[in-house]
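Please look through the sequence and the 3D structure below before reading on. The briefing that follows treats side-chain contacts by topic.

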Amino acid sequence: MPSNAVLEAKKAKVEKLTEVIKNSVSGVLVDYKGITVEEDTKLRKELREAGVNYFVEKNTMLLRAFKECGIEGFEEALNGTTALAVSNDDQTAPARILGKFAEKAGDEKFNLKAGYVEGEVYDQAGVVALSKIPSKDTLLAQLVGSLQGPLQKLAATLNAVADKKKEEEAA
């Protein structure tokens, strides 16, 4: 039977994990068993630059924290080596970065297991689909670009009409 100090430490750890998950908008569970230290360092740097918190935790602790948050459905995914990447403001950043890394690393080294976005659980296929969605900034840039073309055509047409009217008045 574990001592009270050990139990209290575990409870505190679960509370901390619960808080991290509750404050996040998305998260992805991965199996990292085959990556090198160099690859892990590069991955962590890229995740940090995107504002994603990435850490390794015991499966039982993660399962308890998810249950505390009311997020169910990770029982199958929480086995073997597990790391969790969470973002507090970008719904697709963890999936996008880890998905790109998983494609390069290969199935033997690094696998997406499951994930969640704003409390909704996604299986491996769902996380892979999420990883293909461009970032919010990219989507906004695409939207602006698609709106810009018609506006430029309208401005050119109005300018041509104004020029034509000036020519007619001058004549």
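How many salt bridges does the structure hold? The structure holds nine salt bridges, a salt bridge being a side-chain nitrogen of Lys or Arg within 4 Å of a carboxyl oxygen of Asp or Glu. This is a predicted model, in which local features need pLDDT of at least 70 and side-chain atom pairs count only at pLDDT 80 or more, while totals for chains, interfaces and linings use all residues. Residues are numbered from 1 along each chain as its sequence is written, and side-chain values use heavy atoms, with hydrogens and water left out.

**Salt bridges**

- Lys 109 and Glu 39 form a salt bridge in which the closest N and O atoms are 2.9 Å apart.
- Lys 109 lies in the loop between α4 (93–105) and β4, and Glu 39 in helix α2 (residues 37–49), so this pair ties together parts that are 70 residues apart in sequence; helices (H or I, at least four residues) and strands (E, at least two) are DSSP runs, numbered from the N terminus.
- Lys 109 is partly exposed at 24% relative accessibility, and Glu 39 is likewise partly exposed, with a relative accessible area of 23%; here buried means under 20% relative accessible area, exposed over 50%, and partly exposed in between (1.4 Å probe, protein chains only).
- Asp 31 forms a salt bridge with Lys 33, with 3.0 Å between the closest N and O atoms; Asp 31 is buried at a relative accessible area of 11%, whereas Lys 33 counts as exposed at 55%.
- Between Arg 96 and Asp 90 there is a salt bridge whose closest N and O atoms are 3.6 Å apart; Arg 96 is partly exposed at 22%, whereas Asp 90 counts as buried at 16%.

**Aromatic pairs**

- The structure holds four aromatic pairs, where rings of Phe, Tyr and Trp (its six-membered ring) pair if their centres lie within 6.5 Å, and planes under 30 degrees apart count as stacked, over 60 as edge-to-face and the rest as tilted.
- The ring centres of Phe 66 and Tyr 116 lie 5.8 Å apart with the planes at 75°, so the pair is edge-to-face.
- This pair links distant parts of the chain, with Phe 66 in helix α3 (residues 59–68) and Tyr 116 in strand β4 (residues 111–117), 50 residues apart.
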